[in-house]
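Welcome, and thanks for coming along on this tour. Please open your viewer and get ready to select residues as we go.

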Amino acid sequence: MTTHRASCSCGQLGITCEGDPVRVSICHCLGCQQRTGSAFGVQARFARERVTFFGAGTEFVRVGDSGGRATFRFCPTCGSTVYWEADKIPGFVTVAVGAFADPGFMAPQVSVYEERRHAWAISPDLDIERWD
């Protein structure tokens, strides 16, 4: 079984995930744009029972466009967001793909909030989900 390890920039906060993610996606929502400082976020979802957490994190709760709450865990030292849990997706943990620092990590299969995608940000051939 494959093990994936993700951490913040300084290595203090992280997560170890057993097996492959159940989903990898690109999100173009404004919240992900603000969280990453980029035009989109890329994240991998794992079943909670397949992950182990390490280090001390600070939490930030954000209410999304759908009204659901997401609790983000980020490093109090370097500020990197590593993982989060959404109340509308119980039993799963979502990890920022960049935190794996692995160029060979599984590619996204889904793109969400395409209506907020920057015109110059070309999405590969992905399934597009609408959150209207």
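Predicted model: local features only at pLDDT ≥ 70, side-chain atom pairs only at ≥ 80, totals over all residues.

Two strands are said to pair if DSSP finds at least two bridges between them. Strands (E, at least two residues) are themselves DSSP runs, numbered from the N terminus. Residues are numbered from 1 along each chain as its sequence is written, and side-chain values use heavy atoms, with hydrogens and water left out.

**First stop: two hairpins**

Select strand E8 (residues 81-86) and strand E7 (residues 69-74): these run antiparallel and are joined by five bridges. Thr 71 has Glu 85 as its bridge partner in E8. Six residues lie between the strands of this hairpin, where Gly 79 takes a positive phi near 85 degrees.

Trp 84 has Thr 94 as its bridge partner in E9. The hairpin of E8 and E9 has five residues between the strands, and Gly 91 there takes a positive phi near 85 degrees.

**Second stop: a network of charges**

Show the side chains of Arg 48, Glu 59, Arg 73 and Glu 85, which are linked in a network of salt bridges. A salt bridge here is a side-chain nitrogen of Lys or Arg within 4 Å of a carboxyl oxygen of Asp or Glu. How many salt bridges does the structure hold? There are three.

Start with Arg 48 and Glu 85, whose closest N and O atoms are 2.7 Å apart. Arg 48 lies in the loop between strand E4 (41-47) and E5, and Glu 85 in strand E8, so this pair ties together parts that are 37 residues apart in sequence. Is Glu 85 buried or exposed? With a relative accessible area of 17%, Glu 85 is buried; buried means under 20% relative accessible area, exposed over 50% and partly exposed in between (1.4 Å probe, protein chains only). Arg 48, at 38%, is partly exposed.

Move on to Glu 59 and Arg 73, which meet in a salt bridge at 3.1 Å, N to O. Glu 59 sits in strand E6 (residues 58-63) and Arg 73 in strand E7, 14 residues apart. Arg 73 also forms a salt bridge with Glu 85, with the closest N and O atoms 3.1 Å apart.

Select E1, E2 and E5, three strands that form an open sheet in the order E1-E2-E5 with antiparallel pairing. Strand E1 (3-7) and strand E5 (51-54) stand at the edges with a single partner strand each, so one side of each has no neighbour in the sheet. E1 pairs with strand E2 (residues 14-18) over five bridges, and Cys 17 in E2 is the bridge partner of His 4.

**Fourth stop: the cysteines**

Color the cysteines next. A disulfide is a pair of cysteine sulfur atoms within 2.5 Å, and a search of the whole structure finds zero. The sulfur of Cys 27 is 3.5 Å from the closest cysteine sulfur, in Cys 29, which is too far for a bond. Cys 27 is buried, at 8% relative accessible area.

**Last stop: a loop**

Finish at Asp 102, in the loop between strand E9 (92-96) and strand E10 (110-112). Asp 102 is partly exposed, at 37% relative accessibility. C-alpha to C-alpha, Asp 102 and His 4 are 9.1 Å apart in space, and 98 residues apart in sequence.

Conventions. Helix = DSSP H or I, 4+ residues; strand = E, 2+ residues; numbered from the N terminus.
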